[in-house]
Amino acid sequence: MLKNKKILAFLLASAMMCTAFTACGDDSDEDSSSEAVSSEAAEESAEESSEETDGEESSLAQVETQEFEEAVVAESGNAYLSMVDSQWWLQYWGSDMDYLTYNAGIVEITGDGSYTVSVTIDTDACRYDTTGDASGELVANGSEFMAVQIMDGADLFPDAIITIDSVVVTGTDGTANEMELTASSYTNTEEADVDDVTHNNIRANVYNAYVSDLPDDARSTEGLLSDLDDASAYSSTIIDNSAIGDWMTIEVNFTVSGTGL
């Protein structure tokens, strides 16, 4: 398309010049003036077309050379932070189709130990996907769902326990704040569909107000919660989501035990 514009400009200039030469002889000042005006108009048209082409080529080059962050896809054995913001718009479920997929902090579970998962909106790719501009203004607010999940964890680590240790929210001013944990987390088995594939995950809810009763297989380092005399310390909402506010990054630190590794 860019080359076609240059060709059209050349043909326009040629046609105008030919018209000027054939319509009149060269014995008239008026004819010479007309010829000069026609030639000048053709040159200006060609220059404008060239400038427009150069501008389009420059814009195209900027898009083609823009370096965006890589999308992060959770794989079997990976822990990741599945979550949605307060508007159910900015989400991450372990897929590269999610807005929060860029620079998502996932981690391979290799055995018992401490791990961290995270999501962020502070990427050029996320800003470009959501606003159409890599430098566009984008602010996330709150969360209506948040959980640490281990993909295929129920198959790989059937006795594993996920214990949430801390939730850290980095605000728009770059300040990181650790949220108060208002209850203890528990682990349960949960199926998750990621890119049309069903996975047998284990997860620990950080904020999930959609759970009214503890799952039958809910467990902690104390054992099955159904076997405890008092399980009131455990909840599917272990933070106050209204205290999250505007954020750029959320990370959850947790401990995995019971893997046998």
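Asp122, Asp124 and Arg127 are linked in a network of salt bridges. A salt bridge here is a side-chain nitrogen of Lys or Arg within 4 Å of a carboxyl oxygen of Asp or Glu. The count by this rule is 3 salt bridges. This is a predicted model, in which local features need pLDDT of at least 70, side-chain atom pairs count only at pLDDT 80 or more, and totals for chains, interfaces and linings use all residues. Residues are numbered from 1 along each chain as its sequence is written, and side-chain values use heavy atoms, with hydrogens and water left out.

- Arginine 127 meets aspartate 122 in a salt bridge, at 3.1 Å from N to O.
- Arginine 127 also forms a salt bridge with aspartate 124, where the closest N and O atoms are 3.0 Å apart.
- Both arginine 127 and aspartate 124 lie in helix 3 (residues 124-131), 3 residues apart, or about one turn of the helix. Helices (H or I, at least four residues) and strands (E, at least two) are DSSP runs, numbered from the N terminus.
- Arginine 127 counts as buried, at 15% relative accessibility. Buried means under 20% relative accessible area, exposed over 50%, and partly exposed in between (1.4 Å probe, protein chains only).
- Aspartate 122 is partly exposed, at 44% relative accessible area.
- Aspartate 124 is partly exposed as well, at 24%.

**The bridge between two strands**

- Glutamate 190 forms a salt bridge with arginine 203, with 3.8 Å between the closest N and O atoms.
- This pair links distant parts of the chain: glutamate 190 sits in strand 9 (residues 188-194) and arginine 203 in strand 10 (residues 197-207), 13 residues apart.
- Glutamate 190 is partly exposed, with a relative accessible area of 28%.
- Arginine 203 counts as buried, at 10% relative accessibility.

**The nonpolar cores**

- The largest nonpolar core has 48 residues. Such a core is a set of buried Ala, Val, Leu, Ile, Met, Phe, Trp, Tyr and Cys residues joined through side-chain atoms within 4.5 Å.
- Met146, Ile164, Trp247, Ile250 and Phe254 have the most contacts inside this largest core.
- Elements giving two or more residues to this core include helix 3, strand 9, strand 10 and strand 14 (249-257).
- A second, separate core has 5 residues, among them Ala218, Leu225, Ala231 and Tyr234.

**Around tryptophan 247**

- Not counting residues up to four places away in sequence, tryptophan 247 touches residues including Met83, Leu100, Val119, Ile121 and Val169. Contact means heavy atoms within 4.5 Å.
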